[in-house]
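Trainee: I've got a protein model open and I'd like to learn how to read it. Can we go through it feature by feature?

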Amino acid sequence: MVFDKTISDYHFILENETELIIKDSFFSKIKDSNYLNTENLPQAPIFSENPFSSEEDSIVIYGDDFLSHTKNKIVCGNDIFAASFFMLTRWEEFVIKDKDQYGRFPEEKSYVMIHNLNLRPIVNEYTEMLWRIFQYLGCKQKRKFRTYKLKITHDIDLFTKYVNIRKSLKTIAGDVLVRKNLNLASQNLKNYLKIRLGKNKDPFNVFDFFMDVSEKHQLKSHFYFIPAKADEKETTYSINNINVIETIENIKKREHIVGYHASWNTFLNYPTFIDEIEALEKISGRIDEGRQHYLRFQIPDTWQDWENAGRREDSTLGFSKNIGFRCGTCYSFPVFNIVERKKLKLRENPLILMDTALRMLYSNQNQMIKVITEIGQIVQKYNGNFVLLWHNNTINDYNWENYEQFYKEMIQILVAPEKE
């Protein structure tokens, strides 16, 4: 196969001399070398019929729905390369300067949320469409083999519920004054006393439970710990606490994965980022993967921090209040620094579903199971990675009661979504 990027088009010539031309509707139209401005953001998508689409319709983000095909030549107006670049580099998050209360790009302003495309892995759809076109034209090359994978991650924001008497009393006071629930206050007081006497485990100590469920399905649990100091903002435990150290040792003994949950203070703060990784590695050994706390992320700075620190994989790019495909894909992919215009060694393995977002959207467990099954089937259709985030404090907490069985059922479904 020969590929030629002309001034205006992408031109493929196959070995049998059949041709594919994809119209360049983006880069060839940029008047100067800097495309990073709001004027170049895409307009509303076009939904069109396309015989090569893997879905009922094809999404056009850049270009148009023109398609001409004969036995030997196809001309496509859908600029799938510009759209894929747009989705994967997240350059819209760079040019839109709005921030939410956590300093993040507000997900409701993303293209996929505005146009209700968050449950469409657009880049995967384009990849499938391109492959079907090549097959139609007689391409004999073999395709890279992929299999569906479930990756279970756990951000350890709160290591214990009952940290000490002061914080426990604060929780109990909140039960009475804020939640106005005397029964809950009484229950928390009893639980705290039983834990102090060694009669009960802390409700957030579900590490063995998570590993048991994963091992049942021949999977690994990935536990991301915050190695900040306990008195820093949004940090509730010390990585040097003997119970934390013993938990990490147990995770490694059972051959699960320890990762880095970059604290609130690491956001746009590379020296602290490095200090934290080094602190965690003194206990756990080499750390290659992780995620930013509160999904605090900025393009391209955060990716570059992970790259400079020599890490292999980030998994921050998902939704905090929604579910689906923030990057338009369920594949792990090498990231691109749009400012320095270079490909990085770091890979992004996008987050697909987070427990707290699921609870924001659905109050009924049956509804949750239904949508989990549906999105699992989407990821499996494209042989992608289903990256799940389930916190250790969303199993037994007061508003997450009876979620152990739900968690088991959810993992059972996600192991093989199409069979449900």
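Mentor: Two packed helices are described by the angle between their axes and the distance between the axes. Here helix α8 (residues 242-253) and helix α9 (residues 270-284) pack at about 65°, and their axes are 10 Å apart. Axes are lines fitted to C-alpha atoms, for helices over the stretch in contact, and angles run from 0 to 180 degrees between N-to-C directions. Helices (H or I, at least four residues) and strands (E, at least two) are DSSP runs, numbered from the N terminus.

Trainee: Which residues of α8 and α9 make the contact?

Mentor: From α8 come Ile245, Ile248 and Lys252, and from α9 come Leu280, Ile283 and Ser284. Contact means heavy atoms within 4.5 Å. By class, that's four nonpolar, one polar and one charged residues. Ala, Val, Leu, Ile, Met, Phe, Trp, Tyr, Cys and Pro count as nonpolar, Asp, Glu, Lys and Arg as charged, and the others, Gly among them, as polar.

Trainee: How should I treat the model itself?

Mentor: It's a predicted model: local features need pLDDT of at least 70, side-chain atom pairs count only at pLDDT 80 or more, and totals for chains, interfaces and linings use all residues. Residues are numbered from 1 along each chain as its sequence is written, and side-chain values use heavy atoms, with hydrogens and water left out.

Trainee: Is Ser221 buried or exposed?

Mentor: Buried means under 20% relative accessible area, exposed over 50%, partly exposed in between (1.4 Å probe, protein chains only). Ser221 has a relative accessible area of 0%, so it counts as buried. This residue lies in strand β9 (residues 221-225). Its side chain joins that of His154 through a polar contact of 3.1 Å. A polar contact is a pair of N or O atoms within 3.5 Å; within protein, one must be able to donate a hydrogen and the other to accept it, and residues adjacent in sequence count only if both atoms are side-chain atoms.

Trainee: Where is Arg311 found?

Mentor: Look in the loop between α10 (301-308) and β12 (313-314). Arg311 is buried because its relative accessibility is 9%. A polar atom of the Arg311 side chain lies 2.5 Å from the backbone oxygen of Ile287.

Trainee: And how many disulfides does the structure hold?

Mentor: A disulfide is a covalent bond between the sulfur atoms of two cysteines. The structure holds zero disulfides, counting pairs of cysteine sulfur atoms within 2.5 Å.
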